[in-house]
Amino acid sequence: EVQLVESGGGMVQPGGSLRLSCAASGFTFSSTAMGWFRQAPGKEREFVAAIFWNGKSTYYADSVKGRFTISRDNAKNTVYLQMNSLKPEDTAVYYCYADPPAATRVWGQGTQVTVSS
């Protein structure tokens with residue numbers, strides 16, 4: 001059974017920081033790209049960041065570049081999203097995803113991030 005479980009969401013003031021975690025299980029993580037999307041009510045899900053288990057390549061949306069950092073811990077089968085200098089427009093449900101080779105994308109359940117004074 002493939003499982004992706006996000007944690008670390010919550011409410012934070014503008015300029016604050018949060019660290020999201022995504023714990024993965026149920027499939028082989030080598031050569032599997034993983035990352036994060038986010039979705040606000042009434043809007044389409046948008047790409048945030050991605051990282052490959054088998055390399056150092058990382059990718060970021062322009063809206064978060066320089067503020068967010070995606071990282072991985074292969075021993076723990078976990079990816080992280082460190083979010084600094086948070087803005088109200090970062091408010092959304094954040095979803096972890098995995099792209100196993102020759103398989104359909106797998107999504108986590110999502111975790112709410114709210115940035116408000």
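Me: Why is Asn77 called partly exposed?
Reply: This is a predicted model. In it, Asn77 has a relative accessible area of 23%. Buried means under 20% and exposed means over 50%, so Asn77, at 23%, counts as partly exposed.

Me: Where does Asn77 lie, and what is its phi?
Reply: Asn77 sits in the loop between β7 (68–73) and β8 (78–83). Its phi is positive, about 50°, although Asn77 is not a glycine. Most residues other than glycine have a negative phi.

Me: Why does Ser85 count as partly exposed?
Reply: The relative accessibility of Ser85 is 41%. Ser85 is placed in the loop between β8 and β9, and it has a positive phi of about 50° without being a glycine.

Me: How do you know that Cys22 and Cys96 form a disulfide?
Reply: The sulfur atoms of Cys22 and Cys96 are 2.0 Å apart. A pair of cysteine sulfur atoms within 2.5 Å is a disulfide, so the pair of Cys22 and Cys96 qualifies. A disulfide is a covalent bond between the sulfur atoms of two cysteines. A search of the whole structure finds one disulfide.

Me: Which parts of the chain does the pair link?
Reply: The pair links distant parts of the chain, with Cys22 in strand β3 (residues 18–25) and Cys96 in strand β9 (residues 92–99), 74 residues apart. The link of Cys22 and Cys96 is left-handed, with -80° about the S-S bond.

Me: Are Cys22 and Cys96 buried or exposed?
Reply: Both Cys22 and Cys96 are buried. Of the 117 residues of the protein, 43% count as buried.

Me: How many helices and strands does the secondary structure come to?
Reply: The protein has zero helices and 11 strands.

Me: How many positive and negative side chains does the protein have?
Reply: There are 11 positive and 9 negative side chains, and the centres of the two sets lie 6 Å apart.

Notes: Residues numbered from 1 in each chain as written. Predicted model: local features only at pLDDT ≥ 70, side-chain atom pairs only at ≥ 80, totals over all residues. Heavy atoms only, no water. Helix = DSSP H or I, 4+ residues; strand = E, 2+ residues; numbered from the N terminus. Buried < 20%, exposed > 50% of the residue type's maximum accessible area, 1.4 Å probe, protein only. Lys, Arg positive; Asp, Glu negative; His and termini not counted. Charge placed at Lys NZ, Arg CZ, Asp CG, Glu CD.
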